[in-house]
Amino acid sequence: MATHTPTAPALEAAPVPSFHLLDYLRRFYANYTVRTIFKALVTIWAVITFTFFLIRLMPGNPVEVYVDFLMNQQNMTYDEAYSRAASQFRFDPDASPVTQYVEYMGHLLQGDLGESITSSGTRVIDQIARFLPWTIFSVGLGLLISFTLGATLGTIMAYKRNTFIDHTLSLISSILSAVPNYIWGLMILIIFGVQLRWFNVGELRGTYSPTMTPGFTLEFLGDVLKHAMLPVLVYVTGSIGGWMLNMRNSTIGTLGEDYVGVARARGLTSSRILLAYVGRNASLPMFTLLAINIGFIIGGSVIIEELFVYKGIGSFLYWSISQRDYTSMQGVFLIITISVVVSNLMADLLYSRLDPRVRVSGEK
Amino acid sequence: MIGAVKPTIVENTMKNDVILQVQDLSIVYQTPRGDVMATTDVSFDLRKGETMALIGESGSGKTTLSLSFIRMLPNSARVTKGKILYSRDGVTRDILEMSDNEIRRFRWSDCAMVFQGAQNAFNPVLRVRQQFADTAAAHGKTDKAWIKQRTLELFKLVRLDPERVYEAYPHEMSGGMRQRSLLALGVLLDPQIVILDEPTTALDILTQRAIIDVLKEMQQRLNFSIIFISHDLALAAEMASRVATVYAGEIVEEGSVEDIFYRHRHPYTLGLIRSVPRLSRQQDELMSIPGEPPNLITPPSGCKFHPRCMFASDKCKVDPPPLVEYEPGHRAACWHTDKVAAARIAFAAQD
């Protein structure tokens, strides 16, 4: 505005917009969407960089692990084994990590996750595409079942608080949530699979029977469900207790709210009060928890998938770590990071849909 | 509304204009330490279009009493004695005898209750209009056009901007706006009785003023009766046509506003009125009632007020005084009404 002289006609002296880069950036950053995307990108970059160097600090690299394997299994000398390993892997253990990082990031920016180190020719992205759906399916199904069932039971406990039903369910949910899920997995395998022989442990390995042809047939879907049954059961037992107790406490809090009492005084039916007044408000904090849990789908599946030989992304991660397959590990970590970031974003959006009080200003 | 259900009890002891008759109502709360006698032998009539104020200290049983009229007492409470007769369109029924569905429909369409702390009276995740529609639908009124028209009309009546409030969420309104919306919601179904439990406690003095004005106007237009619960005596005096003083779960004095404020005969009423600060009075003349409200698990013998009463005699410690009518419509339960009247006159001379 300093350039504007009062005597000059407006058209000629159109104020030259003074361009301040910082101002511009600040205004740009004030935009909700821009800010959210920027934060997400920074998070993803930070995690990639951190894990990149961290996994290279782990004792042993892919070549050494393979050398060990060859020396032990095939009685090779160290030199023989080393030259074999070095010729098989597209990995130079002596290259500086910084050079590797620059190269990796360069590829990543072009959307290329690279090739697996230990099985050359296999693209990491293909591996992820092959294993990830199974994990999303099994853990997602488990989460859905335990969330719905847990929230329902929690509501019942709150309505019947301090009765026999409440005490029994509280005890059960405490026990369920106190024991880690892989212990439940082991117990199910040993008691029902090995001792009682209710199911054939060998037959249930993998994501579907080898004799099946994948396709949208009823038979194949049934087989898939059969194989997912045990991991899903374990995911449910491991997490349902937490959902029940959370929902119980949240519902008890909501039942004490004035607006629930007023709703009764208004003569609303109990089903309307349960759904729109108690349930709707009591489940709000549950959705935050749900979103956080979605982020942990992959991380939480590692041990369980390994235990049940369920070929999902978790067991793939376990295998890559044991082989020190840096690129594969890196790829899975990237997926984990993205899923955490995206699920938190979804939680924000979902929450603002459910609770008008946190709706972003300017949004109708 | 109530005409649709078959009456189980028809009593014709009620006078024409009486719509609520409470007879010898006793309520106890069952607690681990014993039964708390929250109200004992309470009787009064509420007439059509009148405003009755219940005044008394916190914990005297005012709220318990009003909750029993819509059967919303907590689970630990039991009605041990008495009747609550309600009359509409010539049919009289005992509220305590209604079935669960009957009482649900009775609530709000016959007797609405505006609770204290209305700040949280609305469900935060539903729009105000949805909560109006919910209420109407629960009582069989589903005509959307009618609901909308009625809602907007009532918003105008409580002096809110109808267009603005209609689509609003509760958190988008101020405390005063929410209180007015709740009053509008209260009369949505044209009830005969509106119970107001400390309706202005959480509001600033100007908003209180506005709410009271709105209430008076609404009552004039819609001709409902009000049960007004308050410990704000000035407010009670302004709103009510009749006042009942409640002490330790009993009505100790009842009468017209003039009876209670200028011709009171019970020492507790005297104490309440003398404990209101006045600009014209010296600070040291402000009187308070010594002691605390009694423990209602083991209430004092005789007159429950005697441990705190300056006029108490030996008789008061033994015999509970009956509620006696001194002038038409003015009842008091005290053995020493003469002394109270003398003290009142002496105090008035000082002022």
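Start by selecting His306(B), which counts as buried because its relative accessibility is 15% (buried means under 20% relative accessible area, with a 1.4 Å probe and protein chains only). This is a predicted model, where local features need pLDDT of at least 70 and side-chain atom pairs count only at pLDDT 80 or more, while totals for chains, interfaces and linings use all residues. Residues are numbered from 1 along each chain as written, chains are lettered from A in the order written, and side-chain values use heavy atoms, without hydrogens and water.

Stay with His306(B): it sits in the loop between helix H10 (267–274) and helix H11 (314–318) of chain B.

Next stop: the largest pocket, with a volume of about 1,200 Å³. Select Leu255(A), Arg264(A), Met72(B), Leu73(B) and Asn75(B), the closest to its centre of the 32 lining residues (lining residues have an atom within 4 Å of a pocket grid point). Then show H10(A), which gives the largest share of the lining, five residues. Colouring by type, you'd find 15 nonpolar, seven polar and ten charged residues in the lining of the largest pocket.

Last, colour chain A by pLDDT, the predictor's confidence from 0 to 100. Its mean is 84, and 92% of chain A's residues reach 70 or more, but over residues 1–10 of chain A pLDDT stays under 50.

Technical notes: Contact = heavy atoms within 4.5 Å. 1 Å grid on protein atoms, 1.4 Å probe; cavity = no way out; pocket = protein on both sides within 12 Å on 5 of 7 lines; lining within 4 Å. Points joined across faces, edges and corners; volume = space filled by probe spheres on them. Helix = DSSP H or I, 4+ residues; strand = E, 2+ residues; numbered from the N terminus. Nonpolar A, V, L, I, M, F, W, Y, C, P; charged D, E, K, R; others polar. Buried < 20%, exposed > 50% of the residue type's maximum accessible area, 1.4 Å probe, protein only.
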